[in-house]
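Here is a short briefing for a reader who is new to this structure. Look at the model first, then read the points below.

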Amino acid sequence: MNISKAVIDAQPVRVRQLFMQWEPFMEQRVEFWEIPGNLDIHTQGHCERVLLHALRIGEARHINDRSMTALAHASIFHDTRRKDNYLDVGHGARAANYYKDFCQQNGLDFLPEAYAAIWYHDRDDDKGKAYIAANAGDGKAEWEEIYAIFKDADALDRYRLGTWCLDERFLRTPESKTMTAFALQLVEGTIPPDELAFTYSQTDPFKPDEP
């Protein structure tokens, strides 16, 4: 676990308990494809931070326990099937199918709302919402909330790519917009300074010009 015990202990009880359930599960049971290169930006460390962000947002929005579990599943599986550290559109679908197969083979409860969030997290929102509308039935509102929270949690960790890489205007939930300072602190507290500096050196050439 990269996140300090002090940070975890400071979280609400439900967040702390779920994090301590699912972070070790990810480390011990979930398989990540090895990504070429030497940038540690889509591996377990990233998913660990996304897990904490998702649980914090879910708790702030008072969602039910099943939805919190769906967020945990989406967080720990979403980048397991990446081929590279670039856009790799389609890695969400590959990860969703790995998640489904994992559940069938290991007795983990399969949550279709988590499957949807994983599959469409690398697609435009209109595609994710269209899938949800077609498949969620009476659960449409809950699926959409899980999808929005999860995509915000994933976005909050964009600070690992550069301090300029998160645009708060595109966050979907008001709660996530209050968590940006925490997200930056979490990146700085979990990634060694030399590794973070190296990643920033690789992304800085793509920084847009100031308006």
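This is a predicted model: local features need pLDDT of at least 70, side-chain atom pairs count only at pLDDT 80 or more; totals for chains, interfaces and linings use all residues.

Residues are numbered from 1 along each chain as its sequence is written, and side-chain values use heavy atoms, with hydrogens and water left out. Helices are DSSP runs (H or I, at least four residues), numbered from the N terminus.

**H2 with H3**
- H2 spans residues 13-29 and H3 spans residues 44-60.
- They pack at about 155°, with axes 10 Å apart; axes are lines fitted to C-alpha atoms over the stretch in contact, and angles run from 0 to 180 degrees between N-to-C directions.
- That angle makes H2 roughly antiparallel to H3 (over 145 degrees).
- Residues of H2 that meet H3 include Leu18, Phe19 and Trp22; contact means heavy atoms within 4.5 Å.
- On the H3 side, Leu51, Leu52 and Leu55 are among them.
- The contact has nine nonpolar, two polar and six charged residues. Ala, Val, Leu, Ile, Met, Phe, Trp, Tyr, Cys and Pro count as nonpolar, Asp, Glu, Lys and Arg as charged, and the others, Gly among them, as polar.

**H2 with H4**
- H4 covers residues 65-77.
- The axes of H2 and H4 come within 10 Å and cross at roughly 35°.
- H2 passes H4 in a right-handed crossing.
- Arg14, Leu18, Trp22, Phe25 and Met26 in H2 meet H4 residues including Met68, Ala72 and Ile76.

**H6 with H7**
- H6 (residues 112-120) and H7 (residues 125-135) pack at about 155°, with their axes 9 Å apart.
- That makes H6 roughly antiparallel to H7.
- The crossing of H6 and H7 is right-handed.
- Tyr115, Ala116 and Tyr120 in H6 meet Lys127, Gly128, Tyr131 and Ile132 in H7.
- Five nonpolar, one polar and one charged residues make up this contact.

**Lining of the pocket**
- H7, H8 (140-156) and H10 (193-203) each supply at least two residues of the lining of the largest pocket.
- The lining has 15 nonpolar, nine polar and 14 charged residues.

Methods. Angles under 35 degrees count as roughly parallel, over 145 as roughly antiparallel, 65 to 115 as roughly perpendicular and the rest as oblique. A crossing is left-handed if the near helix is turned anticlockwise from the far one by less than a right angle, and right-handed if clockwise.
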